[in-house]
Amino acid sequence: MELPIYLDNNATTPLDPRVLEAMLPYFTSKFGNAASRNHAFGWVAEEAVDYAREQVGKLIGCTEKEIIFTSGATEADNLGIKGVFEMYKDKGNHIITATTEHKAVLDTCKHLEKAGAKVTYLQVKSDGLIDLQELEAAMTEQTILVTIMYGNNEIGVVQPIKEIAAIAHKHGALFMTDATQAVGKIPVDVNADGIDLMAFSAHKMYGPKGVGVLYVRRKNPRVKVTAQMDGGGHERGMRSGTLNVPGIVGLGKACELCRLEMDEEAKRLSRLRDKLESALTKMEESYVNGNTQHRLPHVANISFKYVEGEGLMMAMKDLAVSSGSACTSASLEPSYVLKNLGLSDDLAHSSIRFGLGRFTTEEEIDYAIENTKKAVNHLRDLSPLWEMFKEGIDLSKIEWAEH
Amino acid sequence: MAYSEKVMEHYTNPRNVGTLNKDSKSVGTGLVGAPECGDVMRLQIEVDENNIITDAKFKTFGCGSAIASSSLATEWLKGKTVDEALTIDNMDIVEELALPPVKIHCSVLAEDAIKSAINDYRVKNGMEPIELAKSHH
């Protein structure tokens with residue numbers, strides 16, 4: 001077992017060696033531009049891109065023509081939301097999203113508010129899921145788009161996508177989802193789920209960084225987005241720019257591997273995740289954040305009360321994890337996702353996200369359990385709050401000095 | 001963000017972790033920060049009849065830089081007179097630990113903790129509290 005152990009697979013995943021192997025020729029001998037229609041170099045590249053479209057389509061249940069390659073999920077989110085807003089602005093200007101979305105969605109919505117959009121940010125329940133009745137109540141005749149993420153990047157909860165899509169469609173709005181954390185990890189089928197637009201990226205599923213997809217439905221209904229970049233009119237006019245052929249080949253291969261291995265892999269990961277989680281929540285005053293029924297198989301977000309996340313991560317120096325503590329950021333604000341679950345700031349500061357992945361082994365999880373326990377105990381020995389808790393002092397009754 | 005060697009050293013081997021009897025007249029206790037800000041420091045000093053700090057202890061809830069700042073503060077306090085202790089400035093801590101700008105608040109908190117512990121000691125022993133000039137966050 002090599003140290004440090006990588007348990008931050010929601011941030012990014014390592015490239016699968018099989019994906020790398022598929023990509024390599026497209027950096028060297030097969031370097032052609034997929035838009036070069038008049039020679040063999042172009043044809044080879046175009047063929048590779050078409051094959052990747054098939055691989056992606058098989059994973060999410062769509063046709064090749066519904067796939068727009070982008071530079072990643074952030075671009076896909078921007079293109080989907082801004083593109084729909086501009087394309088359908090005669091129909092209405094109202095967009096519905098949720099407070100726990102990724103910044104690529106939230107900040108895009110904020111940007112559109114300056115351009116005249118009305119945006120409803122749905123609050124989530126304490127388990128991280130949105131309230132379907134609140135969604136229903138928020139729908140208006142002006143609503144053109146509902147955009148709710150599939151699986152959350154911090155806590156892993158999976159939203160009731162089919163039900164959300166049905167509500168959007170009942171009111172004549174389109175449904176978009178940022179499925180970056182879900183595609184390749186759990187079954188996602190754009191038709192079964194009722195998805196009209198979907199953003200995701202390769203590097204969260206063992207593919208390369210710098211390539212992603214915006215799925216845009218072509219039938220029932222035919223959805224169009226206004227291009228956000230001017231240029232050569234690639235990707236059926238919706239996304240100009242020379243295609244990243246090696247990246248797209250890698251994305252295709254990554255999708256194929258996920259499709260073939262997902263069932264077993266999800267079982268394996270959820271077993272390891274449950275092992276980690278149950279061992280760590282046996283410690284006093286530790287809590288799982290988010291719904292534990294409806295969630296991705298590979299994420300555990302746990303708050304260890306009375307220790308601060310960044311300090312804790314320093315003690316877990318053999319583990320690469322992330323924390324909802326924002327001690328590293330200038331704002332000193334803890335995770336907005338955790339705060340939106342109604343978590344108090346101190347619990348948000350005390351959270352650690354463990355993100356398991358394809359290359360995580362049981363031995364690593366066993367090590368992570370021991371390492372984390374030791375770190376939490378060490379930090380609690382240093383913590384005045386832990387001492388006060390142990391003495392039975394109610395911390396909420398203390399007047400904390402000047403902040 | 002990488003931590004400086006000195007922060008790592010204090011974090012890994014924190015000096016003077018512990019608790020003094022807060023009810024003793026010779027002990028001053030400073031509790032500063034707030035859980036919702038992600039930083040709470042408790043710093044205690046024990047002062048002898050010659051106004052010399054004979055012992056100092058801390059416990060800190062916070063990031064590595066906060067723990068290192070308070071550990072360093074206790075190290076500096078021991079053997080100083082109370083008046084000398086008042087001259088410890090947060091920028092001394094910043095310099096010693098090579099704290100980056102986003103971590104300066106940790107050193108400010110440590111300075112506040114020192115002053116707050118001294119004030120607790122002064123008030124317990126019938127002296128006026130000194131004015132805390134700096135505000136933070």
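In this predicted model, S286(A) has F304(A) in β10(A) as its bridge partner. The two strands concerned, β9(A) and β10 (residues 299-304) of chain A, pair in the antiparallel sense over three bridges. They belong to an open sheet of four strands in chain A, with antiparallel pairing and the order β9-β10-β13-β12. Because β9 (286-288) and β12 (322-323) of chain A each have a single partner strand, they stand at the edges, and one side of each is left without a neighbour in the sheet. Helix α8 (residues 245-281) of chain A lies across β9, β10 and β13 (351-355) and runs at about 10° to β10(A).

A second topic is the annotated binding site. An unreviewed UniProt entry places the feature "binding site" at A73(A), T74(A), N153(A), Q181(A), S201(A), A202(A), H203(A) and T242(A). These positions are spread over 170 residues of sequence and also in space, with up to 29.7 Å between C-alpha atoms.

| Residue | Location in chain A | Other C-beta atoms within 10 Å |
|---|---|---|
| A73(A) | helix α3 (residues 73-87) | 28 |
| Q181(A) | loop between β6 (174-178) and α7 (190-193) | 28 |

Is A73(A) buried or exposed? A73(A) is buried, because 28 other C-beta atoms lie within 10 Å, and the cut-off for a buried residue is 20 or more. Q181(A) likewise counts as buried, with 28 C-beta neighbours inside 10 Å.

Leaving aside residues up to four places away in sequence, A73(A) touches A104(A), D178(A), T180(A), A199(A), F200(A), S201(A) and G212(A). With that exclusion, the residues touched by Q181(A) include N10(A), Y150(A), N153(A) and L296(A).

Terms used: Residues are numbered from 1 along each chain as its sequence is written. Chains are lettered from A and ligands numbered from 1 in the order in which they are written. This is a predicted model: local features need pLDDT of at least 70, side-chain atom pairs count only at pLDDT 80 or more; totals for chains, interfaces and linings use all residues. UniProt positions are given in the numbering used here, feature names are shortened, and annotations may be inferred rather than shown by experiment. A residue is buried if 20 or more other C-beta atoms lie within 10 Å of its own, exposed if 12 or fewer, and partly exposed in between; C-beta atoms are placed from the backbone. Two residues are in contact if their C-beta atoms, placed from the backbone, lie within 7 Å. Two strands pair if DSSP finds at least two bridges between them. Axes are lines fitted to C-alpha atoms, for helices over the stretch in contact, and angles run from 0 to 180 degrees between N-to-C directions.
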